[in-house]
Amino acid sequence: MKLISAFIILALVAGCSLAKGRSDPEDYHQILDAYFEENNVCNAAWEPVVDEWVAHGGSISDDIAATRDRVVDDRATLFASLIREVWKRQDAAGTDGDRSSAFSEVLLSRKVVPERCAYQFWVQGALIDTPGAFAAGAMTAIQQRLGIADDRLQTASWAMSQLLISPANARK
């Protein structure tokens, strides 16, 4: 995840420099420093949330419905509480339309992580980086079912997006 993020930022820096013409090498250092600082802050904010969930038996399995059931039963972890609150908002709205925005709204209202880290992207990174956040074999099984290559970020994105659908909306 961190390696992929580094490549993305390097591509952005290179693209911006081509668009601007010649840039001062100091600009690159400032951009990279800012990126790595942001990455460190957000990873540090999400790690304890995901670690706690995994320590209490939480994990994403290849059966998202079973993962949702475990979240329903989990009354101990912040992660499960956040997911249930997103579900509650969806059920009240009658739709699972904008899951990612609902997730950010919950995070911002509860001040769980810094505002700049209140996006689904950051928790996906923590899920990828935390041993046990995906049950044994789940990552591969999901990739095979979706027909995607060995892409952990795409798999985590799909899993998180599906997990954010409330059980009531998933049955529709």
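Reader: Among contacts between residues at least 6 apart in sequence, what percentage join residues at least 24 apart?

Author: The model is a predicted one, and a contact here requires heavy atoms within 4.5 Å. Among the contacts in the protein between residues at least 6 apart in sequence, the share that joins residues at least 24 apart is 67%.

Reader: Which pattern does the protein follow when read along the sequence?

Author: The protein has nine helices and zero strands. Read along the sequence, it therefore follows the pattern α-α-α-α-α-α-α-α-α.

Reader: Are the rings of Trp-53 and Phe-79 stacked, tilted or edge-to-face?

Author: The structure holds three aromatic pairs, and in the one formed by Trp-53 and Phe-79 the ring centres are 4.4 Å apart, with the planes at 45°. Planes under 30 degrees apart would count as stacked and planes over 60 as edge-to-face, so the pair of Trp-53 and Phe-79 is tilted.

Reader: How many residues apart in sequence are the parts that Trp-53 and Phe-79 tie together?

Author: Both residues are buried, Trp-53 with a relative accessible area of 2% and Phe-79 with one of 0%. Because Trp-53 lies in helix H2 (residues 25-55) and Phe-79 in helix H4 (residues 78-93), the pair ties together parts whose separation in sequence is 26 residues.

Reader: In the pair of Phe-121 and Trp-122, what is the angle between the planes?

Author: Phe-121 counts as partly exposed at 32% relative accessibility, whereas Trp-122, at 9%, counts as buried. Their rings form an edge-to-face aromatic pair, 5.2 Å centre to centre, and the angle between the planes is 80°.

Reader: What arc do the buried residues of helix H3 cover around the axis?

Author: The buried residues of helix H3 (residues 64-73) are Ile-64, Thr-67, Arg-68 and Val-71. They lie on the same side of H3, because they cover an arc around the axis of only 100°.

Reader: Against which helices do the buried residues of H3 pack?

Author: At its N-terminal end H3 is capped by Asp-63, which has a side-chain oxygen 3.1 Å from the backbone nitrogen of Ala-65. The buried residues of H3, for their part, pack against H4, helix H8 (152-163) and helix H9 (167-170).

Reader: With which side chain does the side chain of Asn-169 make a polar contact?

Author: Asn-169 has its place in helix H9 and counts as buried at 9% relative accessibility. At 3.4 Å, its side chain makes a polar contact with the side chain of Gln-90.

Conventions: Residues numbered from 1 in each chain as written. Predicted model: local features only at pLDDT ≥ 70, side-chain atom pairs only at ≥ 80, totals over all residues. Heavy atoms only, no water. Phe/Tyr/Trp six-rings, centres within 6.5 Å; stacked < 30°, edge-to-face > 60°. Helix = DSSP H or I, 4+ residues; strand = E, 2+ residues; numbered from the N terminus. Buried < 20%, exposed > 50% of the residue type's maximum accessible area, 1.4 Å probe, protein only. Arc of directions from axis to C-beta. Polar contact = N/O pair within 3.5 Å; in protein donor to acceptor, adjacent residues only side chain to side chain.
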